[in-house]
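User: Could you walk me through the pockets in this one?

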Amino acid sequence: MSLSIENAATIVPLSGDGPIRGEAMRSIEVLEGASVTIDGGVVASVGNGAGGGEGRAGGGEVAIDATGCTVVPGFVDPHTHLPFFGWRADEDAARLSGLRYETLHKESGGIFRSQRMFADAGDDEVLSFAMSLASQMLRKGTTTFETKSGYGLTIEAELRQLRLARRLAGAVPQTVVTTCLAAHACPPGKGEGEWIGEIAEQLLPQVAAEGLAHAADIYVESIAFQLEHAARLKTTTDELGMRMRMHADQLEDSQSGSFAARWGLQSADHLNHTSLAAVGDIAASDTAAVLLPGATFTLRQNKKPPARNLIEEGAIVALGTDLNPGTSPIHSMPFAIALACRIYGLRPLEALVAATVNAAYTIGLDDQVGRIMPGRRADLVVLDVPDFESLCYRPDHDAVLAVVCGGDLVHVAPGAEGRVTGDLRREANG
Ligand code: NIG
Ligand code: FE
């Protein structure tokens, strides 16, 4: 089956190879009046007049008229906490009245509350809750996302969450990777060292054997784990051939961003309190700096990551939602992009690179997703704005007009059906 997206005002294909750093994040090629053709699930051509008239790449069996629109690669969300079960709006209301996240956590709310909600829900309940969120993410243009554990907090419950994450992966159109975040909080009644020992000796070998996760993650924070625990897990992930990530410097400066880079971890995420000295370590490394402005926004944190320094010094900067029921109940990459521009100072095209190519690199998929290139999996988003800057400029405009995932037209916004010709409309059920 073939599909063509025709006569777009702007296409940002992000063609090339590997992550994009520094000034190159904003000086990227933007095509005007161009089209994309897709055949057999992969991109066949991108450009002006690659097979038809001006600005047309040649009509497919199904064509989308993208006049006045912007076409970008499908968004890659490199950091979510799916699959979880249930929300914690009352905690948010308490925080809005002045209660601190750390206090909720110490009083068995926060992560521990989500642990109980997850334990009390059946597998099918968890899956349908997560699938509903995944389908909302798809309608916002997310065609690839990361999932994690971390609300199990026993060996068996962590395995259950990881297995549910893999079932979710098999049930949604998106590409999904999974990370083991058993080191999210210390189970009540256990010492930190004891739980880290169990993760290293019992859980991760089984996770690796079953192929349940490509990486492990750890929350380094005074209310969670210390760098010595991260070092212990790093030894194990190295032995098992897994990658490792770190929730770093979110609520205080623990130098975890710097250590993540020096240890060659896959990513250091959050980085609100990362020092300027540590920026040099991250920029000199191949560790992705994952910015999660949804958490900063939700927690109303004054302290922002040194985002401009990270970009100017050449770090691999990526962007995600951190979708979770506590600190970031946000599933929309367009919203994360707008926040990154508005509160972290990213330029729009930098945010686009961070949300596609560099996010794909963060989860080890940069050779598969994040770009619109001939031969690549056809994941792309048609935005009802004439240029990408307008997505950041109008943060609450419902800009996603159509989403193509793996070559299938998986979403057409209500009211935009008239732009689609051909008989694929039955598949575009949103
Ligand atoms: O990434 N930082 C710790 N973990 C999550 C919050 C999880 C929760 O509160 O349930 C985060 O922000
Ligand atoms: Fe997180």
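This is a predicted model: local features need pLDDT of at least 70, side-chain atom pairs count only at pLDDT 80 or more; totals for chains, interfaces and linings use all residues.

User: Which residues lie nearest the centre of the largest pocket?

Analyst: They are Arg100, Glu102, Leu299, Arg300 and Gln301, out of 16 lining residues. A pocket is an open set of points on a 1 Å grid over the protein atoms alone, where a 1.4 Å probe fits, with protein on both sides within 12 Å along at least five of seven lines, and lining residues have an atom within 4 Å of a point.

User: Which elements give two or more residues to that lining?

Analyst: Those are α1 (89-96) and α2 (101-106), with α1 giving the largest share, 3 residues. Helices (H or I, at least four residues) and strands (E, at least two) are DSSP runs, numbered from the N terminus.

User: OK, what about the second largest pocket, how much space lies in it?

Analyst: About 200 Å³, a volume being the space filled by probe spheres set on the points, which are joined across faces, edges and corners. Its lining includes Gln136, Arg139, His331, Asp384 and His411.

User: Which domains does that lining draw on?

Analyst: The lining of the second largest pocket takes at least three residues from each of domain 1 (2-73 + 371-427) and domain 2 (76-362).

Key:
Residues are numbered from 1 along each chain as its sequence is written. Chains are lettered from A and ligands numbered from 1 in the order in which they are written. Side-chain values use heavy atoms; hydrogens and water are left out. Domain bounds come from an automatic or database domain assignment.
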